[in-house]
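Trainee: I am new to this structure. Please pick a single part of it and take me through that part closely.

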Amino acid sequence: ERFSATFPHAMVLKTVTITAEEQESVSVPVPDASAAATVSTPLPTLVPGNYTLAWKANGEDGHEMGGTVRFMVH
């Protein structure tokens, strides 16, 4: 229902993209928010399957972090 990430310092979530197996990527709208140690955004309703979620966030000093999370919806 929601993607959340917790960092050791304040970050601003910039992009979230979800890709289902053998499907095109879908960008998830990320609401404007102030920098925070925990960032999150709601996810669209997902049908059962395997997914990869890619995210990017910026620190207040301008550095960028990113990562991927793989998960399954039953």
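Mentor: Two strands pair if DSSP finds at least two bridges between them, and a strand here is a DSSP run of E with at least two residues, numbered from the N terminus. The model is predicted, so local features need pLDDT of at least 70 and side-chain atom pairs count only at pLDDT 80 or more, while totals for chains, interfaces and linings use all residues. Residues are numbered from 1 along each chain as its sequence is written, and side-chain values use heavy atoms, with hydrogens and water left out.

With β2 (residues 26-28), β1 pairs in the antiparallel sense over three bridges. V16 has V28 in β2 as its bridge partner. Five residues lie between β1 and β2 in this hairpin, and E22 in the turn has a positive phi of about 55°. Six bridges join β1 to β3 (residues 36-42), again antiparallel, and T6 stands opposite T38 of β3. With β4, β1 pairs over nine bridges, also in the antiparallel sense; there L13 has A57 as its bridge partner.

Next comes the packing. A nonpolar core is a set of buried Ala, Val, Leu, Ile, Met, Phe, Trp, Tyr and Cys residues joined through side-chain atoms within 4.5 Å. The largest such core has 14 residues, and F3, F7, V16, L43, L53 and W55 have the most contacts inside it. Setting aside residues up to four places away in sequence, F3 touches L13, V16, V39, S40, T41, L43, L53, W55 and V69, where contact means heavy atoms within 4.5 Å.

Rings of Phe, Tyr and Trp (its six-membered ring) pair if their centres lie within 6.5 Å; planes under 30 degrees apart are stacked, over 60 edge-to-face, and the rest tilted. The count comes to two aromatic pairs. In one of them the ring centres of Y51 and F71 are 5.5 Å apart and the planes meet at 15°, so this pair is stacked. Y51 sits in β4 (residues 49-59) and F71 in β5 (residues 64-73), 20 residues apart, so the pair links distant parts of the chain. Y51 is buried, at 7% relative accessible area, whereas F71 is partly exposed at 25%; buried means under 20%, exposed over 50%, and partly exposed in between (1.4 Å probe, protein chains only).

How values were computed
Helix = DSSP H or I, 4+ residues; strand = E, 2+ residues; numbered from the N terminus.
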